[in-house]
Amino acid sequence: MFERLLVDSQMALPILGWAILAILVLMIKICTRGVWLPLFATVIGLIGLIFYSATHLNSGAQDLFHGALKMDSSFYLFNLIGLGIHLAVVLMLIPGLERTSKIFKVSYEQFPELLICLLFSGFGLSVLIAASDLSTLFLGLETLSIGVYCLCGFYRTEIRSTESAFKYLMIGAFSTVLFLYGLAFVYGATGATNYSQIQSIIEQSHLAHQPLLMIAVAFLIAAFAFKLAFVPFHLYVPDVYEGAPTPITAYLATVIKVGVIAAAFKVFWGFFGSLADYWEPFWMTLCVLSILLGNILALQQKTLKKLLAYSSISHSGFLGLAMVLTHPGVGTTYPLMAYLVVYSAVTLGLFSSISFLENREQVFLVEDLKGLGQKRFWTALFIGIFILALAGLPPFAGFMIKFWILEALIEQHHIGVAIAAICGSVIGAAYYLRILMLMFMSEEQGSASEWVVLKDRLYVLRLIVFLAAILSLVGGMRPQLYADWILSALALK
Amino acid sequence: MNVSIAHLLFLSFGVFCIGGAGFLMRRNALSLLICLELMLSAVNIAFVSFSRLHQNESGNLLYFLVITVAACESAVGLALILNFFRLKKNIRLDEATTLKG
């Protein structure tokens, strides 16, 4: 018994590594003063975990802790994406340490705590991705979310940050309750908590029409829609994104989507696979609504981060569609993975540029970007690249990830959905191109070109921006490279 | 009187609805947290009654996990409410409008 536990713990190192690292940073924080040592430990630890995960990509599926966690090839890939995002966010936070204004001074005294929250959230993320039992699913989701609530309120002397954390906590807790009620009904209908047991019970005893399961599906769809910010469950997202510190906004827009879409993939195609007739139409409707309405509402936004929040809503619609396309048997997984990789890279790059420019005392309006191309050409150029990649225009990776999803949609005979998604993207191009026009074609100077930019002495922001730009350019020029890498990482080739 | 699973489920659903209605209608942050706790208790009643229905212990186990996580969530929630109070001098949600517009 005890030996089994030891062996399992050793195998679960990519998951437990997060928690070990978090506790290590906590210890360092307790024993020493200053922020650089915990920061150094975090960065080194994350790089170590990335190498460990990258070398174990093809190590086959394992059931751990009596089937509570399942590590398969998709787990390693999702975990690798999560690790990469965490490393980028930690690096993005570093230049803020040198800011002198009062908000930053007071908040950054607690920088090690921020790192600990980030790492524990990451632990939650990896548990959520690996979950193959209702209990681990719930624990993973909550460990991820509770850390993120704290992260949103990091600038604790600032009302906007606190308000965003507060709203996120309330909505997040509400969606957790819906999620749990859904899980309770799954358990009630089947009497099991393990995914494979639930699946076999549903299939063998023809429970597919049971009302309890219908209620469970409804609750779970609502809960996932809250977490992924599908329209009409998106109302909190613009406020939360606006108020949270910019690196944390990037974190929200990427990590939450990676974790929740991975969990949704395992829940809906795992044990709800035989109920696809019931949940698929609802899920697809929500996705199409988010693509269309997310883009339409983004047209009216005046502040930059709210605009990006609506753009992320439309992107989560695409992610939701990609999740449906992973239908075991007929579907393909690589559109989902490619979308996550490229979307995360582009979002991180864009938010790094924004946090480089941003002046936290004022709200960043879209109009502020006017004439940035003349004053700060390189920043404007990179923002332009990321905006075009998000819009999905051809020379960038944003195009091919959308193209793969649309191709797979048409192959699986969802032609109406594909047309709606194309319409949404076309509407979206309008506001993306408006940003470009403001930056490069405007004669006036907006206030963003006068703000004091961050002192990026360690070149970390430039590094992230540069890597993200390369990822989006290479993906656009040689999409086959990505597809091959993902397929080999998933051991499908 | 014999208490059946159906009774327990109705109780759970009733508590859930009371909590949900309170969550949507109250405007005080502390009442909101209390309503969330009420809804989590409803979930717990459902888990425990299903555990009795199926005669296995998984539901009871989940009950303990839910209770623990609910405590963590309340702790973070109270911390944020305190911080909000320090900055705004009240905890009414109507006042949380800095991010509007």
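This is a predicted model: local features need pLDDT of at least 70, side-chain atom pairs count only at pLDDT 80 or more; totals for chains, interfaces and linings use all residues.
Between chain A and chain B there are 0 salt bridges.

Which helices of chain A each supply at least two residues of the side that touches chain B? They are α7 (134-152), α8 (159-190), α10 (211-228) and α11 (237-243). The helix that gives the most to this side is α8(A), with 24 residues. Sorted by class, the side of chain A that touches chain B holds 23 nonpolar, 10 polar and 9 charged residues.

The extent of the interface can be given in two ways. As a count of residues, 42 of chain A are in contact with 42 of chain B. As an area, the two chains bury about 3,700 Å² between them, and 80% of this lies on carbon and sulfur atoms. Three residues, A:Phe166, A:Tyr181 and A:Tyr187, supply 19% of the area that chain A buries against chain B, which is more than any other three residues supply.

Aromatic rings are the next topic. A pair of aromatic rings is described by two values, the distance of the centres and the angle of the planes. Over all chains, the count comes to 37 aromatic pairs. In one of them, the rings of A:Phe154 and A:Tyr155 have centres 5.6 Å apart and planes at 40°, so this pair is classed as tilted. A:Phe154 and A:Tyr155 are both buried.

Another pair joins A:Phe219 and B:Phe16. Their ring centres are 5.8 Å apart and their planes stand at 90°, so the pair is edge-to-face. This pair crosses between chains: A:Phe219 lies in helix α10 of chain A, and B:Phe16 lies in helix α1 (residues 5-25) of chain B. Buried is the class of both A:Phe219 and B:Phe16.

Chain A also holds an aromatic cluster. Its members are A:Phe179, A:Tyr195, A:Phe224, A:Phe230, A:Phe268, A:Trp269, A:Phe271, A:Phe272, A:Trp279 and A:Trp283.

A:Leu93 belongs to helix α4 (residues 73-93) of chain A. With a relative accessible area of 1%, A:Leu93 is buried. Apart from neighbours within four places in sequence, A:Leu93 is in contact with A:Tyr108, A:Phe111, A:Leu114, A:Leu118 and A:Pro247.

Is A:Asn295 buried or exposed? Its relative accessibility is 3%, so A:Asn295 counts as buried. Not counting residues up to four places away in sequence, A:Asn295 touches A:Ser290, A:Ser314, A:Gly424, A:Ser425, A:Ile427, A:Gly428 and A:Tyr431.

In chain B, B:His7 is part of helix α1. At 42% relative accessibility, B:His7 counts as partly exposed. The C-alpha atom of B:His7 is separated by 9.5 Å from that of B:Ser49, and the two residues are 42 residues apart along the chain.

The backbone has some details to find in the loops. A cis peptide bond joins A:Val231 and A:Pro232, with omega at about 5°. A:Pro232 sits in the loop between α10 and α11 of chain A.

Where is A:His413 found? It is in the loop between α18 (397-411) and α19 (415-441) of chain A. A:His413 has a positive phi of about 65° although it is not a glycine. Since its relative accessibility is 68%, A:His413 counts as exposed.

B:Gln55 lies in the loop between α2 (29-54) and α3 (58-88) of chain B. The relative accessible area of B:Gln55 is 67%, so this residue is exposed.

Conventions:
Residues are numbered from 1 along each chain as its sequence is written. Chains are lettered from A and ligands numbered from 1 in the order in which they are written. Side-chain values use heavy atoms; hydrogens and water are left out. Contact means heavy atoms within 4.5 Å. Buried area is the accessible area (1.4 Å probe) that two parts lose on being put together, summed over both. A salt bridge is a side-chain nitrogen of Lys or Arg within 4 Å of a carboxyl oxygen of Asp or Glu. Helices (H or I, at least four residues) and strands (E, at least two) are DSSP runs, numbered from the N terminus. Ala, Val, Leu, Ile, Met, Phe, Trp, Tyr, Cys and Pro count as nonpolar, Asp, Glu, Lys and Arg as charged, and the others, Gly among them, as polar. Buried means under 20% relative accessible area, exposed over 50%, partly exposed in between (1.4 Å probe, protein chains only). Rings of Phe, Tyr and Trp (its six-membered ring) pair if their centres lie within 6.5 Å; planes under 30 degrees apart count as stacked, over 60 as edge-to-face and the rest as tilted.
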